[in-house]
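Student: Could we go through this chain together? I would like to begin with a helix.

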Amino acid sequence: MNKIDFIILFDALDANPNGDPDAGNLPRIDGETGHGIVTDVCLKRKIRNFVQLTRAGESGFDILIKEKAVLNNDIEAAHVALGEKASPDSARVWMCQNYYDVRCFGAVLTTGKGAGQVRGPVQLSFARSIDPVTQCEYAVTRCAVTNEKDVNKERTIGRKFTIPYGLYLAKGCLNPYLADQTGFGEADLELLLQAIQNLFAFDASAARPAGSMAVRKLILFRHNSKLGNAPAHKLYESLYVAKKEGVEFPRNIADYDISLDRSAIPDGVTVEEIDC
């Protein structure tokens, strides 16, 4: 496996891409520029959820970081499975073999009986919107009440937050040297790419209604060597994304010009554009 850099373009329409719990669940933004933000943790969560949903019960594709997981119990299970041969090093290998997200993203497994620390070969950046976004707040009502003392109230009021539209760009990479260490192979890579293309397909909710968020394009820069044939930032800069002339408030990906300067791609790097 060789080095891979990649770009993900996705958009949100009348949705909350990533609420900030420290701000009442308002969509995350850069406080200085107003650009929308989606954290790397949020994107990884959706990849984990996809793998957990589509590969449930398959050996080697369990997910460590999931709802109600007790990490020390999972680490102890590795020691129990290995028996007398158990050590932090052997437990780390066992965790990589059995948990997809450990061999993909890495994990800190130093608590409890311990399984060391795993540096994951796949890393993602925060996603940032191409243009500033507007945080919208709506009052909503419901006819039910929470407490019996409020039963005579005609309505209770809640709040809902969205952005009208935002086109987001995230960057990522695959480190082949770390892939060797964790056992992340070609089949794992294919699953990762499938998960990215379907990032929001099974993520519909009241905050993100079906179809309101979609991955639009995945661009892979495949190097023909482990070390890589070009700096990642140079490859990322070959993508041009900007509002079309005359568009003040974009509401669709068609409101953007998107192009890749292939003349800036050096020999030894193969570009693959996947329209989703």
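Student: Which residues of H1 are buried?
Tutor: In this predicted model, the buried residues of H1 are Asp 40, Cys 42, Leu 43, Lys 44, Lys 46, Ile 47, Arg 48, Phe 50 and Val 51. Buried means under 20% relative accessible area, exposed over 50%, and partly exposed in between (1.4 Å probe, protein chains only). Helices (H or I, at least four residues) and strands (E, at least two) are DSSP runs, numbered from the N terminus.

Student: What should the 15 residues of H1 span?
Tutor: At 1.5 Å a residue, helix H1 (residues 40-54) should span 21 Å, and its end C-alpha atoms are 21 Å apart, which agrees. The expected span is 1.5 Å times one less than the number of residues in the helix.

Student: New topic: where does Lys 3 lie?
Tutor: Lys 3 lies in the segment before strand S1 (4-15).

Student: Is Lys 3 buried or exposed?
Tutor: Lys 3 is buried, with a relative accessible area of 18%.

Student: And what does Lys 3 touch?
Tutor: Leaving out residues up to four places away in sequence, Lys 3 touches several residues, among them Leu 174, Phe 221 and His 223. Contact means heavy atoms within 4.5 Å.

Student: How many helices and strands does the chain have?
Tutor: The chain has seven helices and 14 strands. Buried residues make up 45% of its 276 residues.

Student: What are the ground rules here?
Tutor: Residues are numbered from 1 along each chain as its sequence is written, and side-chain values use heavy atoms, with hydrogens and water left out. Local features need pLDDT of at least 70, and side-chain atom pairs count only at pLDDT 80 or more, whereas totals for chains, interfaces and linings use all residues.
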